[in-house]
Amino acid sequence: MSAQSNDKEDLTADKSEDNADFVAILASAIHDMKNSLGFVLNSLDEFIDEADQSQPPERLVRVQYEAKRVNNNLVRLLALYKMQCLGVSANIDEHDVGEFLQECMLQDKPITDAKDIKVNVECSGELMGYFDSDLVMGVLGNAVTNAVRYTKNELIVSAEEVDGYLKISVHDDGEGFPESMLSSNENGAGDVGHGVSFSSGNTGLGLYFSSLVAALHKNKGRSGFIDFTNGCALSGGCFSIYLP
Amino acid sequence: MCSIRLREGILKTKDTVIDYSKKKFLVIDDFMDMRSMIKHMVESYGVTKVDTAANGESAIELLAKNSYDIMLCDYNLGDGMDGQQVLEEAKHKNLLKFSTAVIMITAENTREMVMGAVEYQPDDYLSKPFNKHMLRDRLEKVVAKKSDFETIERAIDKQKYAEAIVLCEQRIKEKPKNLSEFIRLSADLYMKLGKYDDAARIFKGVLATRDISWAQLGLGKTCFYNDSFMEAREIFESIISENETYMEAYDWLGKTMIKLGDLNEAENVIKSAVEKSPKAILRQMALGDIALKKKDFSVAEKAFKKAVTLGKHSVHKNPANYTNQAKALAFNSSGKDAVKVIAKLRKEFPDDKDASLHAAMAENVVYKEMGKDDAAEKAFDEAQSLYSEIGDKAASDISVEMAQVFYANGEKDKGSEIIKKIVQNQHEDEDALKDIQDVFTSMGMEDEGKEIITTSKEGVIKLNNEGVQLGKQGKLDEAINLFEKALEELEGNKVINLNLVRVLLSAMEKNGKDDSQLYKARQCMLRVEKIDPLNNSIPGLRDRYDKIMQKAS
């Protein structure tokens, strides 16, 4: 939490024109890259669809996966730019959680299909939640893309209410998160960086973004957070975001 | 949660509610790659009829020629119109079928930045990036939602708001899927009907569970309309402090600050909103108006210049933006440029009497400021003859301006005559009267303004009270006579028109249907709607009117 607000002050404190120009150019370049990549990704999806359904070419699937990772990173960077520099905040509204999760999973459907990974959503049909759907969708997209890399056959996305929080989790049946990542929880989930590897190699961007989005969700004095555990619904890792 | 329901196999293709082979699509995006990508996506669902447009102008052309079932429009369309403007123009020109589903494609989490006015909102938004599965999912949801809301939307379209509220409340009891949307809509409808306390009750109900921006904004608006400006200000400020990009909160905070008499703060608020979202034409106009009032001419000039440019492709294109820019320029010492702007106005609105009158009045002001008395005199003559041609049909802002021109050119009596008429026609509209008083004050005629406004008001109030009294005593025929007579002089007076409708309806409710009375009531309601399309009394009166119609047949 404190790390986040300090960063924000640093960014707003430095108002030199050049720097602002540079940041704006960086943002618009990222935007442009993201558009191109979006086109590449959708073309790849089409190629893979058109290829032999039962056996999509493995190298193509790998390219698709890596492109998706880059795309996720760019989307996160842009979202961070908007939050930090333009003051865009969470737009919290009520959502049907089950429906929302299904929509989220469609983000990665081309990849889970190509890799033949079974995806299940576990959620009560009546569960409603309060959150910014775009931002949380970004977080879950990252978590799923990450889980896809480590899982063997299956993914579960679950949602439930726990102690007044909406807890959304992504479970995989891979080897689980390394011990080092689990222990970072002792310092609180907002502890960002320090060579953690989460979905974006070791840049820490994914973790940073996810904890920032979680923290933007506040209700009655409580803030959201993220959490890593192993062996919940499936044998592998379990990423959770708690939204108050 | 113990009742976990497993939803399995959802990532296989879902059952579809849409027969895509029959649907006609319009895809609007400035990037060719995006257009062909989206076209490809929808074709993969079985769609065969897809038109594409690279910009707003060609989209409008296509919409005029064809009818579409689904319109997918990117918000950001480069230099010309943006997606919101395309939607506004299409709705304004009635180019969309009632059933046409409109999805606005936006960049990541910028939804509040692009939100337009309530009546011009798309059916849904879709954030980039998306793939064909996500687009399809969204299409299914939008089509389902549209049919879910259909009866309510039809009622709204016919401006039967009370009926729409009843329908909403029925649905809310059933606890439907989109419960919160029905709740939000019912609150918005209460706002439209002017039932602010009912709306506030709903907003407070939502806020009791959770701080949600739209409910906070709604509550702030109810405070504003109930004249609790301090409270409204606090609410709008707190929304902005939570979310700096909630643009609508800035607009309302600006309006509130004007009400509180703090023009400086109003200007600051709208200025910072304009910096964040410079393409909103109405906001630029609001900033220009405040700046003109403050005589902050360089800000006004910039704002109106921007409004002129943005207005080029917009339903909000408006001669006053040109003349306001010109006046700001003239007072800011560039009369030459001001003259050019007015010339542009004349060129862009050929054969438009209102626009020519605007131009002539502004020229009079500008040339006077430049010391070119002959040219000013010529413009004054033109303005006078145009104004008398337009006559009673002149909008009240034009009339106020004309009165100002008369005063400035030494024709006090003619100016006062116009003002008297305007005041009589909107004697109950405090905002309008305050604007008129401001005009007098700015001309250094504060006391004269007060005098003229009070005396013009008194006569109408007295007449109206008499009529109301007669109505209350049940002397309906006498009341009808009185209001009809009053209307001969005061055709544009909303209150008199509405009161005539009321007594006519009461008479028919008592004595049965009468075609000539029905006709008169209808004329009056149409007149009021023309002056004030969102008038709060009309829906209720219309219901009574409809009942009388039905009963008779």
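Tutor: Let's begin with a working term: contact means heavy atoms within 4.5 Å. This is a predicted model, where local features need pLDDT of at least 70, side-chain atom pairs count only at pLDDT 80 or more, totals for chains, interfaces and linings use all residues, and side-chain values use heavy atoms without hydrogens or water. Residues are numbered from 1 along each chain as its sequence is written, with chains lettered from A and ligands numbered from 1 in the order written.

Student: How many helices and strands does the secondary structure of chain A come to?

Tutor: Helices (H or I, at least four residues) and strands (E, at least two) are DSSP runs, numbered from the N terminus. Chain A has 244 residues, 55% of them buried (under 20% relative accessible area; over 50% is exposed, and in between is partly exposed, with a 1.4 Å probe and protein chains only). Its secondary structure comes to 8 helices and 9 strands.

Student: Which residues does A:C232 touch, not counting residues up to four places away in sequence?

Tutor: A:C232 sits in the loop between strand 8 (225-230) and strand 9 (237-243) of chain A. With a relative accessible area of 39%, A:C232 is partly exposed. Leaving aside residues up to four places away in sequence, A:C232 touches A:H171 and A:C238.

Student: Are helix 4 and helix 6 of chain A parallel, antiparallel, perpendicular or oblique to each other?

Tutor: The axes of helix 4 (residues 97-107) and helix 6 (residues 133-150) come within 9 Å and cross at roughly 50°. Axes are lines fitted to C-alpha atoms, for helices over the stretch in contact, and angles run from 0 to 180 degrees between N-to-C directions. Residues that meet include A:F100 and A:L101 in helix 4 of chain A, and A:V136 and A:M137 in helix 6 of chain A. Because angles under 35 degrees count as roughly parallel, over 145 as roughly antiparallel, 65 to 115 as roughly perpendicular and the rest otherwise, helix 4 and helix 6 of chain A are oblique.

Student: On to chain B: how are helix 15 and helix 16 of chain B oriented to each other, roughly parallel or roughly antiparallel?

Tutor: Helix 15 (residues 297-311) and helix 16 of chain B have axes 8 Å apart and pack at about 150°. Among the residues that meet are B:F297 and B:F304 in helix 15 and B:Y322 and B:L329 in helix 16 of chain B. These two helices of chain B are therefore roughly antiparallel.

Student: And helix 16 of chain B with helix 18 of chain B, roughly parallel or roughly antiparallel?

Tutor: Helix 16 and helix 18 of chain B pack at about 5°, with axes 10 Å apart. Their meeting residues include B:T323 and B:K327 in helix 16, and B:H358 and B:V365 in helix 18 of chain B. Helix 16 and helix 18 of chain B are therefore roughly parallel.

Student: Which helices do the buried residues of helix 17 of chain B pack against?

Tutor: Helix 17 (residues 335-348) of chain B has 14 residues and reaches 20 Å from its first C-alpha to its last. Its buried residues are B:G335, B:A338, B:V341, B:I342 and B:L345. The buried residues pack against two helices of chain B: helix 16 (319-331) and helix 18 (353-370).

Student: Which exposed residues does the face of helix 17 of chain B turned away from its buried side carry?

Tutor: The buried side of helix 17 of chain B includes B:V341 and B:L345. Turned away from that side, the exposed residues of helix 17 of chain B are B:K336, B:K340 and B:K347.

Student: What covers the buried residues of helix 23 of chain B?

Tutor: Helix 23 (residues 446-472) of chain B has 27 residues and reaches 38 Å from first C-alpha to last. Among its buried residues are B:I452, B:I453, B:V460 and B:L470. In chain B, their cover includes helix 20 (396-408), helix 21 (412-425), helix 22 (430-442), helix 24 (476-489) and helix 25 (494-511).

Student: What is the omega of the cis peptide bond that joins B:K128 and B:P129?

Tutor: B:P129 is found in the loop between strand 6 (124-127) and helix 5 (132-148) of chain B. The bond joining B:K128 to B:P129 is cis, with omega about -5°.

Conventions. Expected span 1.5 Å × (residues − 1).
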